[in-house]
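Here are a few exercises to work through with the model open beside you. Try each task before you read its solution.

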Amino acid sequence: MEVNSNPFFNFIFVAIILTFVSITNANIYHEFNVQEQSVTRLCKSHTIITVNGQFPGPTLELNNGDYVVVKVTNKARYNVTIHWHGLRHMQNPWADGPEMVTQCPIMPGGSYTYRFSIQDQEGTLWWHAHSRWLRATVYGALVIRPKLGASYPFPKPKLELPIILGEWWNQDIISVLQQALFSGAAPNISDALTINGQPGDLIKCSRQGTVKYSVNSGDTILLRVINAALNQQLFFTVANHKLTVVATDAVYTKPFTTTVIMVGPGQTTDVLLTANQKPGRYYMAARAYATARNAPFDNTTTTAILQYKSATSSPILPRLPAYNDTNTVTAFSNQIKSPGKTDVPLKIDENLLFAVGFGFFNCSPGPRCQGPNNTRFAASMNNVSFVLPTQTSLLQAYTNKIPNVYTPDFPATPPVKFDFTGNVPRGLWQPIRGTKLYKLKYGANVQIVLQDTSIFSTEDHPIHLHGYHFYVVGQGFGNFNPSRDTSRFNLIDPPQKNTIDVPVGGWAAIRFVADNPGVWLMHCHIDTHLAWGFGMAFIVENGVGPSQTLLPPPVDLPRC
């Protein structure tokens, strides 16, 4: 057979073959109907957006190596997209889902079919809406088990339970967002925290719906803990029981035992629990870890019940850390390590420093604003407050070379150096608005130091990078000092994550290889902060040959 010498023809031929193989090997198919559903919580009924009428939505149970097809039909009144949080989507950002980054939204009445492979990933991830704040109720677990015939790196548990932590508002969530954006103030806090959609026994009108799990004495249970909360880091514990951490963000860890975990929005933590206590009923409980100074937060405690079979006693309530217990968070995060030596990049090609945090925009012209001193709250990375395009997605603009949608000049370091965690001059409080991207060559070894700032307040920020896992090589408090802190990096067994909690008033250093071409969003997973502009995106250029090249867009990609 003669080989065509035209590289474009060869690329299209390979793409067709890959598409054919993908379709013929599709072994998991789901239909997601995004629809409105009347739900009652806290003595009140109102309509929320759900998938298939379920809240939380359906759990996707997959195996490493599966090819997955999910047809999403939008029967609701808002535009929507679905993001498969933590999946790498190699060469295929078209399946990633963030609105106006990798696709235009699925409009009411429309549909889009997400097609993706599970490649060398196993553990607990999750899926959620990635359009405005719809993920407040549009979310579910995504469980990836080992390939058929393979096993966990720990004894097989008797039970596996997704534990999805969330927030509940009595108001329509889009109205909450619109009011905040109109006024410039912080949004109304949630009315309750939830476990698998239920507030639990300690919250009014909620006892009847409290989630209960029955276990036998001696059972080992794998709890797949997911923080789906819109805006809140959360502590989680189970009364009188120890938790053995075995994975975070769908990457196995060196096992360690603790009584409490902290999970940031977007993060997942797998823990093993052995039912080795006196037969009884024990509360699982979660409540806020809150670090922003003088900022209101939901201080409720959500509960579910772990009950030994035949037990009828009143549930025992665990002790949870104080809301601002950073020492417990630090001690917990410092124990998370990879099971053995890793392939963390050592020679760095791109050395980036991103100063992250809050800011303010002046209110004029316009009505009086309700942020501090008649301003609007803002957020930024390297003084750029991220603005999403409105006419086409960033990925389509990049692949089709559409001008005037973005600029590839996101700064590699803060434009102005200052005492990031000290007293910041007021002249630096206002960022600039922009749609700025940063280009990476395929195969580049990248290091990013994420530095919190003290404009308005320092805060613990959970920062998520789409399309990648990264090594967390270092964390600390205060300003990052390369001459002092680099020598302390863990380059042996650092953990891998897709979402890193940057310590309050501190920094986190991450490393990864840019081996996945496309446009990939990086943002704070506190949705209030993303709405204020806390985000940016990377362009990862194609490498050499079909295996390092972005796949063509699907034919049913939604149009704006």
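**Exercise 1: the setting of Arg88**

Arg88 is buried, at a relative accessible area of 16% (buried means under 20% relative accessible area, exposed over 50%, partly exposed in between, with a 1.4 Å probe and protein chains only). Before going on, please note that this is a predicted model, in which local features need pLDDT of at least 70, side-chain atom pairs count only at pLDDT 80 or more, and totals for chains, interfaces and linings use all residues. Residues are numbered from 1 along each chain as its sequence is written, and side-chain values use heavy atoms, with hydrogens and water left out.

Task: find where Arg88 sits and what surrounds it.

Solution. 
- Step 1. Look in the loop between strand E5 (82-85) and strand E6 (111-117). Strands (E, at least two residues) and helices (H or I, at least four) are DSSP runs, numbered from the N terminus.
- Step 2. Setting aside neighbours within four places in sequence, list the contacts (heavy atoms within 4.5 Å): Arg88 touches Gln121, Gly467, Tyr468, His469, Asp515, Asn516 and Trp520.
- Step 3. Pick out the backbone oxygen of Gly467, which is 3.1 Å from a polar atom of the Arg88 side chain.

**Exercise 2: the disulfides**

Task: locate the disulfides in the whole structure and describe each one.

Solution. 
- Step 1. The search gives 3 disulfides, a disulfide being a pair of cysteine sulfur atoms within 2.5 Å.
- Step 2. Cys43 is joined to Cys205, S to S 1.5 Å. The torsion about their S-S bond is about 45°, so this disulfide is right-handed. At 48% relative accessibility, Cys43 is partly exposed.
- Step 3. The sulfur atoms of Cys104 and Cys560 are 2.0 Å apart. Their link is left-handed, with -90° about the S-S bond, and it connects distant parts of the chain, 456 residues apart. Cys104 is buried at 1%, while Cys560 is partly exposed at 42%.
- Step 4. Cys363 and Cys369 also have sulfur atoms 2.0 Å apart, and 80° about the S-S bond makes a right-handed link. Cys363 is buried at 7%, and Cys369 is buried at 3%.
- Step 5. Counting bonded cysteines along the chain, write the pattern as 1-3, 2-6, 4-5.

Key
A polar contact is a pair of N or O atoms within 3.5 Å; within protein, one must be able to donate a hydrogen and the other to accept it, and residues adjacent in sequence count only if both atoms are side-chain atoms.
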